[in-house]
Amino acid sequence: MTRGPREELAEKIAGEVTLSDDPGATLRKWRTDFEIAQTDLASKLDVSPSVVSDYESGRRENPGIGVIGRVVDALLDIDETRGGTHIRQYARVLSAGFDSDVIYDLREYQANIPLERYYDAVGATELVRGDRDTVAGHTVINSIKAIQRLSSDEFYTLYGQSTNRALVFTNVTRGESPLVALRVVKPTPNAVVLHGLSEDDVWEHAADLARIDGFSLAVTDLPLDEVLDGLHGLP
C-alpha cells in the first residue's frame, strides 16, 4: 500500500527524534514548526502541560518509541483538525522531489499577486524593481543546502509550475551565492527575496545582477516563521 504524506512525515519526525542527541529539543522544534502550543499538545495527549515541558527540556528520561509515536500522531492529528496546512506543505515539497530541510515551502497561488502585496506578507523592502510586477507562487529555499546538494537541473525545479514566482533564499550572508547561481539557471524568477538581511548587508553587486537579469530584488529580516506565516496567508 502506498504511503501518503502524513505517513511519510510521521516517519521522518519519529526518525529525527529517535536519532537526535537531544530528543526533547527535536520534539520542541517540530511542535513549534507545527505552531502548536504545549497546552494544546498536552490536551491531545491527555497529560498535563508540565509533562510535555519536562520531555522537551530533558527533565524527564528520554522518551521511548511509544511516547514518540503518540506525540507525532498528536501533532499530525491537531494539524489535520486545523486544515492540514503543515502536512500539505510537506506534501508539496515532497512531490517536487526535495527534502524539507532544503525547501521550506513551495506553493502556487490561485491568481497573480502584486509584488507589493507579496512584500507586505513577508515584511520585505524592495531594492530593485524588475521587469514584472506580479508573482503566482513562491519557493522558500535554504540557500546553502540547495547549492551544496542540488544539480543545475534540480535547481531549475525550484520554480515549481512556473517562473512567475518569488524565490526566498534563507541562510544567506550577503546574497552572493544564490544570485550567482541564478546567472546559470535560465529563465529567472520574477522576484528574489534575501532573508535575514538588511539593505546594508547585501552584496554590493547584487542589485546590478538583478537589473541585468530583470528580476525584482528585495530583503527581509523578519524571523523565518513569521515569513512562512505571512506566505500562508496568501490565497
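Analyst: Let's start with one spot: P114 stands opposite T134 in β3. This is a predicted model, with local features needing pLDDT of at least 70 and side-chain atom pairs pLDDT 80 or more, while totals for chains, interfaces and linings use all residues. Residues are numbered from 1 along each chain as its sequence is written, and side-chain values use heavy atoms, leaving out hydrogens and water.

User: How do you know that β1 pairs with β3?

Analyst: Pairing takes at least two DSSP bridges between two strands, a strand being a DSSP run of E with at least two residues, and a helix a run of H or I with at least four. Seven bridges join β1 to β3 (residues 134-142), so they count as paired, and they run antiparallel.

User: What makes β1 and β2 edge strands?

Analyst: The open sheet has six strands in the order β1-β3-β4-β5-β6-β2, with mixed pairing. β1 (103-114) and β2 (125-128) each pair on one side only, which puts them at the edges.

User: Why is the contact between D73 and R6 called a salt bridge?

Analyst: The rule wants a side-chain nitrogen of Lys or Arg within 4 Å of a carboxyl oxygen of Asp or Glu. The D73 and R6 side chains meet at 3.8 Å, N to O, so the pair qualifies. D73 sits in helix α5 (residues 65-81) and R6 in helix α1 (residues 5-19), so the pair ties together parts 67 residues apart in sequence. By this rule the count is 14 salt bridges.
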